[in-house]
Amino acid sequence: MSPKRLIIAPLAREDLRGIRRFIAESSPFYAREFLADITERIAWIAESDFTGSPRDHISPGLRGFPYRQRCIYYRSYPDRIVILRVMHGAQDVKPQDFE
């Protein structure tokens, strides 16, 4: 089975930029390390076609993968994985966050 195409939605890109900016205030080095690690995990989701945990109570078809105090939210399609958001695990997640 070949890996699915990986698409990172604009809101997820903004989430990642925000995470990097926040961490860089304390440590630019750690910000780079953290972003490299979470980006690698996002690529792994697409490569392995990881099913994640259903988050249908938030939005139908939404999947989640908790990782390092964040949750990677995505949808899986036959040919692609779309990363929708990367949010802190303590955030109150609502359906509007995925519109």
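Two residues are in contact when heavy atoms of one lie within 4.5 Å of heavy atoms of the other. The legends below describe a predicted model, in which local features need pLDDT of at least 70 and side-chain atom pairs count only at pLDDT 80 or more, while totals for chains, interfaces and linings use all residues. Residues are numbered from 1 along each chain as its sequence is written, and side-chain values use heavy atoms, with hydrogens and water left out.

View 1. Leu-35 belongs to helix α2; helices (H or I, at least four residues) and strands (E, at least two) are DSSP runs, numbered from the N terminus. Is Leu-35 buried or exposed? Its relative accessibility is 13%, so Leu-35 counts as buried; the term buried means under 20% relative accessible area, exposed means over 50%, and partly exposed lies in between, for a 1.4 Å probe and protein chains only. If residues up to four places away in sequence are not counted, Leu-35 touches Leu-16, Ile-19 and Arg-20. Gln-91 stands 56 residues from Leu-35 along the chain, and 19 Å separate the C-alpha atoms of the two.

**View 2. The whole protein chain.** The protein chain contains two helices and five strands, and from the N terminus on these elements follow the order β-α-α-β-β-β-β. Along the principal axes, the C-alpha atoms fill a box of roughly 40 × 30 × 20 Å. A compact globule of 99 residues would have a radius of gyration near 13 Å, and the 13 Å of the protein chain agrees with this. That radius is taken over C-alpha atoms, and the globule rule is 2.2 Å times the number of residues to the power 0.38. Of the 99 residues, 40% count as buried. Among contacts with a separation of 6 or more, 45% are between residues 24 or more positions apart.

View 3. Five strands form an open sheet in the order β1-β5-β4-β3-β2, with mixed pairing. Two strands pair if DSSP finds at least two bridges between them. Strands of a sheet pair through backbone hydrogen bonds, either parallel or antiparallel. Which strands lie at the edges? They are β1 and β2 (residues 53–54), each of which pairs on one side only. Strands β2 and β3 run antiparallel and are joined by two bridges; Pro-54 has Arg-63 in β3 as its bridge partner.

**View 4. Strand β5 and the strands beside it.** Strand β5 covers residues 80–88, and seven of its nine residues are buried, so this strand is largely enclosed by the rest of the structure. Strand β1 (residues 5–8) pairs with β5 in the parallel sense over four bridges, and Ile-8 has Ile-83 as its bridge partner in β5. Strand β4 (residues 70–76) runs antiparallel to β5, with seven bridges between them. Cys-71 stands opposite Met-87 of β5. A hairpin of three residues leads from β4 to β5.

**View 5. The buried side of helix α1.** Helix α1 (residues 10–24) has 15 residues and reaches 21 Å from its first C-alpha to its last, close to the expected 21 Å at 1.5 Å a residue; the expected span is 1.5 Å times one less than the number of residues. Its buried residues are Ala-12, Asp-15, Leu-16, Ile-19 and Ile-23. They cover an arc of only 95 degrees around the axis, which puts them on the same side of α1; the arc is that of the directions from the helix axis to the C-beta atoms. The elements that cover these buried residues include β1, α2 (residues 28–48), β4 and β5.

**View 6. The nonpolar cores.** A nonpolar core is a set of buried Ala, Val, Leu, Ile, Met, Phe, Trp, Tyr and Cys residues joined through side-chain atoms within 4.5 Å. The largest core has 19 residues, of which Ile-38, Ile-72, Ile-83 and Val-86 touch the most other members. Two or more residues come from each of α1, α2, β3 (residues 63–67), β4 and β5, and α2 gives the most, with seven. Another core, apart from this one, has ten residues, among them Leu-62, Val-82, Met-87 and Phe-98.

**View 7. Gly-52 in its loop.** Gly-52 lies in the loop between α2 and β2 and is buried, with a relative accessible area of 15%. Not counting residues up to four places away in sequence, Gly-52 touches Arg-63, Gly-64 and Tyr-74.
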